[in-house]
Amino acid sequence: MQKLATVNLTIDGKRVGAKPGSTIWEAAKEAGIDVPVLCHDPRFEPVGVCRMCAVEVEGARVMAAACVRKVEEGMVVRTASEKVERCRRMLTELLMSEQPEISPKDATTGGDKLWALAERYGVEVRLPRGNSRPDDLSSPAIAVHHQACILCDRCIRACDEVQVNEVIGRTGKGYAARISFDLDNPMGKSTCVTCGECVAACPTGALVNKPVAGDLKAATKAVDSVCPYCGVGCAVTYHVDEAKNRVLWVDGRESPGNQERLCVKGRYGFDYALHPHRLTKPLIRIKYPRGPLSSEVETSHGHRRKPGGVVDYAEVMPAFREATWDEALDLVAKRLSEIRDRDGPGALAGFGSAKCTNEEAYLFQKLVRTAFGTNNVDHCTRLCHASSVAALLEMIGSGAVTTTYGDIVNADVALLTGTNATSNHPVAATFFKQAARSGTRLIVVDPRASGISRHAWRFCQIRSGTDVAFYNGMMHVIVEEGLVDEEYVKKHTTGFEAVKAKVKEYTPERAAAICGVPADVIREVAIAYGKAKAAVTYWGMGMSQHVHGTDNCRCIISLALMTGNIGKEGAGLHPLRGQNNVQGASDAGLIPMVFPDYQRVDNAEARAKFEGAWGRKLDPKPGLTVVEIVKGALEGRIKGMYMLGENPFLSDPNTNKVRKALSNLEFLVVQDIFLTETAEFADVVLPATSALEKDGTVTNTDRRVQVMRPALKPPGEARLDWQIICDIATRMGYPMRYRSAADVFDEMVPLTEAYRGLTHGNLGPTGKLYPCPEPEKSDGTVVMFGDGFPTADGRAKFVPADHTGADELPDKEYPFILVTGRVLEHWHTGVMTRRSMTLDAREPEAFVEVHPDDCARLGVDTGRMVTVSSRRGTISLKVRKGTHTQPGSVFIPFHFREAAANVLTTDKLDPFGKIPEFKFCAVKVVPA
């Protein structure tokens with residue numbers, strides 16, 4: 001029988017053509033006919049439990065739930081007959097009889113769908129109100145009003161099907177039935193991650209946001225923007241009280257990226273911008289000699305004098321005085337110019353920020369290269385994916401991702417390696433978990449178990465620092481089993497024979513002896529990857545933050561190349577970028593060896609291009625990287641620095657060395673929204689704007705360029721970052737004058753290939769994936785390099801790698817391996833998240849995760865204070881017993897200033913990416 005292209009039916013007398021397999025509700029919506037629903041949401045599987053969408057179908061004995069019943073050829077449907085409306089009115093009255101006197105949703109954010117139906121049908125409740133079900137206020141962000149619940153299960157499906165957290169269910173029977181969390185725990189004591197998806201899904205007042213920053217009903221304006229946290233770059237809507245200049249709550253919005261989803265940071269981590277610690281006036285230092293001011297920064301031993309995880313302003317502010325903008329900017333320009341003219345441009349350096357916009361990153365690197373006269377400019381990409389970019393540029397000619405995180409839906413196999421995606425990229429992780437539910441085989445490779453490993457088809461828990469051996473073992477099997485895509489290798493690559501010869505040395509048995517994963521498992525996952533029609537690889541900083549990080553990435557790139565898994569749907573390479581604009585800041589040239597769009601500074605043609613555009617002779621020598629600049633300051637070669645939105649005191653390795661380096665500078669200007677640990681060393685502090693107060697573009701991990709729009713006015717005299725940069729450049733003798741961030745973008749775009757054709761205007765509400773040849777018609781390019789690579793010969797290059805191990809191995813004195821990382825609730829150095837009420841309440845203090853076997857040997861348990869020491873320093877913090885970490889290893893998140901993990905880490909560098917080894921150093925753990 002021939003399939004119908006369109007199913008023809010009649011709805012309320014209107015001829016409608018519907019897609020085969022669609023429901024009556026979908027067909028009616030497409031035709032502009034409203035059928036009310038309570039239990040249904042187009043993002044979830046329909047269940048038809050509320051019956052509010054029941055309609056009459058001609059010839060049917062009973063009414064049908066429109067959200068479930070499929071359309072049929074010739075069907076005649078009545079959605080608003082007297083019988084249907086009478087039924088809906090009665091349903092509404094019955095449901096309203098159990099509601100509280102006031103809708104908790106309408107009393108806060110508004111939008112209670114049941115109460116709207118009651119108003120529509122003029123329902124007056126004649127039955128006794130109430131159902132005696134209690135409230136649950138245990139969560140810091142979400143209030144649960146069981147009395148308002150209609151058991152529609154939308155929250156359950158949102159948790160299960162969208163976020164794939166599987167926390168919410170039902171408990172009780174009959175009249176006593178209600179939603180529950182885990183094994184009927186209070187929400188705040190459950191495994192709920194506070195993503196708020198249940199709140200967004202709930203049609204009544206059963207699940208509502210708690211007030212964070214004021215009366216939720218006071219919102220007067222909705223502002224579409226972009227989340228300021230991780231590289232997923234979720235599209236958000238801020239609901240703003242304009243009169244009080246406050247964001248009241250946040251919703252996820254429809255976008256090809258996040259598809260309305262948010263995590264706890266995106267939904268509830270906005271109130272940092274409203275914190276009373278915001279800098280509002282320029283500050284000039286009056287207390288010398290320069291050095292640390294707060295007790296934690298002075299000692300870094302973790303002996304906190306008072307509760308709280310942020311800089312104690314009472315300790316620090318007496319060292320500064322307030323100044324006018326002219327006074328502060330004149331002083332900055334004067335001191336930096338003096339150092340430049342006396343000691344040469346190489347005595348200056350700048351740290352930009354991946355928290356700033358593309359326009360600000362572009363202007364900052366332009367200032368350093370023109371007004372300073374040096375390429376000593378870098379940012380936190382050096383600390384996250386520098387080795388990934390080095391390997392990608394070397395092997396395929398581009399440092400950007402070749403496909404999106406959403407493309408996993410088209411993959412048979414997905415390799416997730418060195419990524420704790422559920423904590424670091426939680427919204428991207430929802431797509432990974434959904435794919436696993438739909439049949440994609442997830443191969444998760446990591447020394448530490450994490451949330452995403454629970455969803456793995458195979459979890460390969462390798463020993464720390466043995467990635468190269470593991471992947472060489474996989475490639476050995478793929479060659480041995482004849483799974484190499486010979487045609488692809490021949491047509492699109494060079495150098496395969498060198499890799500083939502190298503991996504021949506790594507039998508699964510030899511790889512297993514090194515990495516700890518059984519040889520038969522290595523064979524199994526290699527064969528699954530090699531046989532996949534489409535296999536995609538996602539990786540995080542567990543791969544890149546090693547002295548062999550570039551070699552790690554060379555291996556997984558070679559794995560994709562030899563199996564032809566680049567340049568087609570469901571396949572490709574995707575380093576999950578950390579900060580919200582680390583991709584864009586790198587694209588904009590905030591790197592010491594390249595101009596915007598990765599054009600080498602030591603390439604005469606590229607340099608001539610930018611000299612022509614900027615009107616200045618430019619330094620032909622690549623500049624120093626982050627860690628090299630800190631070393632230069634310690635040695636006295638770097639004398640003056642400009643830091644924009646960076647906090648290297650906590651983010652850089654070997655904190656004690658960073659402290660000495662910052663103290664040794666002749667002049668330091670810090671531009672930030674708070675007085676950070678790094679700002680304690682500053683001569684001048686300039687008050688900047690948060691992501692909620694600025695406009696400009698940011699580029700996410702997918703290469704999606706989006707416009708960030710201001711929701712708030714800057715506090716006090718705080719100014720836009722790009723304007724401050726321009727004022728300093730102008731005062732240093734290089735005039736920069738722009739009318740808007742859009743003007744800056746328009747200057748940058750023609751200097752690049754990747755962004756060509758994009759403007760603030762044509763990016764639209766959800767941005768564009770670059771490259772985007774037709775931005776007026778297209779969303780941009782999802783899959784890259786189907787026809788070749790941006791290299792001189794159009795081919796990718798295989799590069800072999802050998803297992804070398806970490807720089808510093810455990811020994812008798814320091815027997816444990818330290819792994820550092822993030823937790824879900826916090827971001828980077830905690831400057832923003834530890835000033836957010838919900839985020840700090842969920843994860844308020846530092847901890848070290850220790851395996852139960854090691855806890856037993858040490859005689860410690862959860863909550864016990866211990867000291868953790870390396871050859872570089874000591875910190876004190878509480879134990880958290882857990883099995884995520886292997887015996888012999890400990891895990892410490894680096895967000896907590898009172899127990900700064902980077903006091904312990906080594907500053908040894910990967911020789912190619914110049915990235916420090918954050919993921920491996922030797923430590924000892926001693927009960928306090």
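**Figure 1. A salt-bridge network in the predicted model.** In this predicted model, a network of salt bridges links Lys 334, Arg 335, Glu 338, Arg 342, Asp 343 and Glu 666. The salt bridges in the model number 59.

**Figure 2. The salt bridge between Asp 802 and Lys 502.** The closest N and O atoms of Asp 802 and Lys 502 are 2.7 Å apart, and the two residues form a salt bridge. Lys 502, with a relative accessible area of 17%, is buried.

**Figure 3. The salt bridge between Arg 897 and Glu 677.** Arg 897 and Glu 677 form a salt bridge in which the closest N and O atoms are 2.5 Å apart. Distant parts of the chain are again linked, the two residues being 220 residues apart. Arg 897 is placed in the loop between strand 37 (889-893) and strand 38 (921-927). Glu 677 is placed in the loop between strand 27 (667-672) and strand 28 (684-687). Both Arg 897 and Glu 677 are buried.

**Figure 4. The salt bridge between Glu 774 and Lys 777.** The side chains of Glu 774 and Lys 777 meet in a salt bridge with an N to O distance of 3.9 Å. Glu 774 counts as partly exposed because its relative accessibility is 44%. Lys 777, at 71% relative accessibility, counts as exposed.

**Figure 5. The crossing of helix 14 and helix 16.** The axes of helix 14 (residues 467-480) and helix 16 come within 8 Å and cross at roughly 105°. Angles of 65 to 115 degrees count as roughly perpendicular, and helix 14 and helix 16 are therefore roughly perpendicular to each other. On the side of helix 14, the residues that meet helix 16 are Asn 472, Met 475, His 476 and Val 479. Their counterparts in helix 16 are Phe 496, Val 499, Lys 500, Lys 502, Val 503 and Lys 504. Of these, Lys 502 also forms the salt bridge with Asp 802.

Figure 6. Strand 12 (residues 235-241) and strand 13 run antiparallel and are joined by 6 bridges. Within this pairing, Tyr 238 stands opposite Val 250 in strand 13.

**Figure 7. The hairpin of strand 8 and strand 9.** Strand 8 (residues 168-171) pairs with strand 9 (residues 178-181) in the antiparallel sense over 4 bridges. Arg 170 stands opposite Ile 179 in strand 9. The hairpin has 6 residues between its strands, and Gly 172 takes a positive phi near 80°.

Figure 8. Arg 154 lies in helix 4 (residues 154-162). With a relative accessibility of 5%, Arg 154 counts as buried. Apart from neighbours within four places in sequence, the contacts of Arg 154 are Leu 38, Cys 39, His 40, Asp 41, Phe 44, Lys 113, Ala 201 and Pro 203. Leu 151 is located in the loop between strand 7 (142-145) and helix 4. Although Leu 151 is not a glycine, its phi is positive, at about 55°. Leu 151 is buried, its relative accessible area being 18%.

Figure 9. Tyr 598, although not a glycine, has a positive phi of about 65°. The loop that holds Tyr 598 runs between strand 24 (594-595) and strand 25 (599-600). Tyr 598 is buried at a relative accessible area of 17%. A cis peptide bond with omega of about 5° joins Tyr 288 and Pro 289. Pro 289 has its place in the loop between strand 14 (283-285) and helix 7 (295-299). The peptide bond from Tyr 770 to Pro 771 is cis, with omega near -5°. Pro 771 is found in the loop between strand 31 (768-769) and strand 32.

Notes
Residues numbered from 1 in each chain as written. Predicted model: local features only at pLDDT ≥ 70, side-chain atom pairs only at ≥ 80, totals over all residues. Heavy atoms only, no water. Pairing = 2+ DSSP bridges. Buried < 20%, exposed > 50% of the residue type's maximum accessible area, 1.4 Å probe, protein only. Contact = heavy atoms within 4.5 Å. Salt bridge = Lys/Arg side-chain N within 4 Å of Asp/Glu carboxyl O. Axes fitted to C-alpha atoms, helices over the stretch in contact; angles between N-to-C directions. Parallel < 35°, antiparallel > 145°, perpendicular 65-115°, else oblique.
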